[in-house]
Protein chains: 2
Amino acid sequence: MHAVDIITKKRDGSPLTSEEIEFFIRGYTHGSIPDYQAAAWCMAVYFQGMTEPETVALTLAMAHSGEVLDLHDIAPRIADKHSSGGVGDKTTLVIAPLVAACGVPVAKMSGRALGFSGGTLDKLESIPGFRADLSVDEFRKALADCGVVVSGQTANLAPADGKLYALRDVTGTVASVPLIASSIMSKKIAGGADAIVLDVKVGHGAFMETEAQAANLARTMTSIGRGVGRHVAAVISDMSQPLGQAVGNAVEVREAIETLRGGGPADFLEHCLVIAGCMIMLAGKSQSEQRAAQLLREKLASGAALAKFRDWIAAQGGDTAVIDNPDLLPKAPLIETVPSPQTGFVAAINARAFGYAVVSLGGGREKKGAPIDHRVGIVLGPKVGAWVEKGQPLFTIHAGDDSRLNPCDIARGLPLERTARGRASSGSRHHPGFRTNLNTLPPHTPHVPRMAWRPFSVTICSRPSTERCSRQRMQ
Amino acid sequence: MHAVDIITKKRDGSPLTSEEIEFFIRGYTHGSIPDYQAAAWCMAVYFQGMTEPETVALTLAMAHSGEVLDLHDIAPRIADKHSSGGVGDKTTLVIAPLVAACGVPVAKMSGRALGFSGGTLDKLESIPGFRADLSVDEFRKALADCGVVVSGQTANLAPADGKLYALRDVTGTVASVPLIASSIMSKKIAGGADAIVLDVKVGHGAFMETEAQAANLARTMTSIGRGVGRHVAAVISDMSQPLGQAVGNAVEVREAIETLRGGGPADFLEHCLVIAGCMIMLAGKSQSEQRAAQLLREKLASGAALAKFRDWIAAQGGDTAVIDNPDLLPKAPLIETVPSPQTGFVAAINARAFGYAVVSLGGGREKKGAPIDHRVGIVLGPKVGAWVEKGQPLFTIHAGDDSRLNPCDIARGLPLERTARGRASSGSRHHPGFRTNLNTLPPHTPHVPRMAWRPFSVTICSRPSTERCSRQRMQ
């Protein structure tokens, strides 16, 4: 078997066999197939796509390129979730303890902020003492002790995926559905979870910009799940504006704690209940969405979810004092409120622009491994559909120093250094990150009907009951 | 400008600007753009193609990645030809001195045998003492002294092309017309010729297997020629069976000498007259094909072409005694004649199979840089359309030793080692390299009408007269 023949076969549109895909991924992982052949192959896959059996074979080959965790000695069914990345997406911080409080263990290997997209590990590290990089033994112990663990990927988790993703990033081959789907699923499978909920974001603040793209990715990932015998459901959720109010690290932890206390933004709470509901249904703890939602609300209301959060943070070395007093979280020295330049309805909030604005404040990173300022961020006021008067606060910027603080540039979402020569626009009274809708609706109309806001637009795979999934697996 | 953006732009089907192409090729040549980005880019070009201006820009960028020869101090118009590779194609050996004998200097940088395709330099090196790797100074001196020079590429000739071709070879991106055309043309342009005739082979023994592919390549190359202001014509010629009778190195030199003496196979002579005719027309020595052919035949008949051959071989250090006594050329110790297993018409001679057969005899090479046995080869008897009786010689094998000699495997064109386990077939009386056509035509019918043999099927660019080309260049 020769790498060039496999490239040529894919280039010419013929489906590859499992043996060919395994040969290619094994060779690439071990270095006998060089980067340049893998790059040509990825571009051929970009153009020719992959069949379902090919995508399953690729996923399994990447998952088995390193250690595949088996957590069944800890619990019969472990839940996990994956978000395709977004702005203000602190969901894991709430749903991990919430699902665990329902008796479903949650073991999640998570990621870090990159580009406009935030990272759960960076958010958690806002909590003093929290350790986000556990060894496999520590990961297993935390899961066994408190039923929830969230950590960085172990070094030997799907190494083929790590290598291939870095290559795709610089060769224009990221935007391929089978490659994205197999990349995500290989890590989830190697992470040892049985019940996996995929949260596919769609909109300006997501990597998938249309619902059709998101549905295609969701469909591909759930079909991989079927192909490898895991319980998988996918939810497509809106990321045209940030999720909740807070975008940053400490500010998002604060919002997550408020939500676990029974408060928090309505959109964010609803999102958490849907994702967590899917997880406990897939794990067999509930037979219907209604019952799942009821159970989850009980765990929030009783304080059980917050107690589980406390156990979890403590188990990973975090200072639980921040839970009772969020003012102990890192705080930005400069807080500036940005007023609305106009009266009208908020028609759109460009999530991607706000994501990049937080990067420019130092709260995200352009390159892997760059340090992060946990203190900074943006907290939104009125969201899409709301009415604002001129001068009313639109959002609040939490900045580390003056040089990072420029409301207009931040709202535009451009890194400050790139706009240094265009400073004439700094005096503008428009905030391009927001669009105010000066239509003729009277001020007392509470919502702009055609801006109907849909946090969940489509649900793929109809969240099957555990029993059905279980039966399917047994067949 | 970022390499990944250029890859993505091409991937998405947008034409690249000259600046982008120059940036990419310069970066790749100097190593700031790595192999893996170039590989992804080549695959994107494979799928999206290139416009004429893009192909011209790529050709110029590769030509100017190294030294571009200017030979105008030696002659106002220098001719060159390029063949896209074939089996038994000894054309340069005849046309270089023939065209030079007409007063048109010929300066050609040539290649070596690889795979089924022979190499002019290897053929010339059959002549004792012949030096095929000249320095630039020696190249210029040989051209100035005798009006003809054929040498290997100088190290600094279009280095970008050398690097990119090696990459394409292992990444499944060879078969892209704009990449093939720009690769050929960049070297021709850097070689300093003004009047360039492209001989595009089509058939089993060529890289282009259909006329449509060959016409596309020819059209692309002539359009590059127009784009860069050189006089370029293309000829599409048949390579479904080997050209002439001899396939090998010393055996082809012998056939070329016979042709320069006024003999040689009719198909090969006709091919030489067409190519040489194009060259002298492009160079302004003749206004019509008829006059060109007449002039060329005169130079053959008068011995002027043979005298020029003698001068040329001497100028490059070769022993001219072989011209008067071809028996002084390297001779194979074993010569075996293969009889026809059947009576009938020769319906096809698989040129590629014979090319590989010569490789298996040691007269070609599978890998660059491998040594070559100049003595070995195959000399065909009857060609396509001819009648053969059972037992009549089909071809003669010139081999170095017994272990290399296996008529059946050679005729099948498979390397001997690969068929070692299938030796049962060695006793077969069929020679798969040949197909005998046992149709119902009576034995006295001289030709099978539907096997009409076309050495030149299409001529692109209608070989414009020099004056027209010159005017076009001046506009």
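A residue is taken here as buried when its relative accessible area is under 20%. By this criterion, in the predicted model, 58% of the 475 residues of chain A count as buried. Chain A contains 18 helices and 13 strands, and among its contacts between residues at least 6 apart in sequence, 77% join residues at least 24 apart.

In helix 1 of chain A, which spans residues 3-11, the buried residues are A:Ala3, A:Ile6, A:Ile7, A:Lys10 and A:Arg11. These residues cover an arc of only 135° around the axis and therefore lie on the same side of helix 1 of chain A. Such a pattern can be read against the geometry of the α-helix, which has 3.6 residues a turn, so that residues three or four places apart point the same way. The partners against which the buried residues of helix 1 of chain A pack come from both chains, namely helix 2 (18-30), helix 3 (35-48) and helix 4 (52-63) of chain A, together with helix 3 (35-48) of chain B. Helix 1 of chain A is followed by A:Gly13, for which phi is positive, near 90°.

The relation between the two chains was examined next.

Helix 5 of chain A contributes A:Thr92, A:Leu93, A:Ala96, A:Pro97, A:Leu98, A:Ala100 and A:Ala101 to the contact, whereas helix 14 of chain A contributes A:Ala304, A:Ala305, A:Lys308, A:Phe309 and A:Trp312. Of the residues in this contact, 10 are nonpolar, one is polar and one is charged.

A further site considered in chain A is A:His82, which is found in strand 1 (residues 79-83). With a relative accessible area of 17%, A:His82 is buried, and, when neighbours within four places in sequence are left aside, A:His82 is in contact with A:Lys108, A:Ile184, A:Lys188, A:Val197, A:Leu198 and A:Asp199.

Technical notes: Residues numbered from 1 in each chain as written. Chains lettered and ligands numbered in written order. Predicted model: local features only at pLDDT ≥ 70, side-chain atom pairs only at ≥ 80, totals over all residues. Heavy atoms only, no water. Contact = heavy atoms within 4.5 Å. Helix = DSSP H or I, 4+ residues; strand = E, 2+ residues; numbered from the N terminus. Nonpolar A, V, L, I, M, F, W, Y, C, P; charged D, E, K, R; others polar. Buried < 20%, exposed > 50% of the residue type's maximum accessible area, 1.4 Å probe, protein only. Arc of directions from axis to C-beta.
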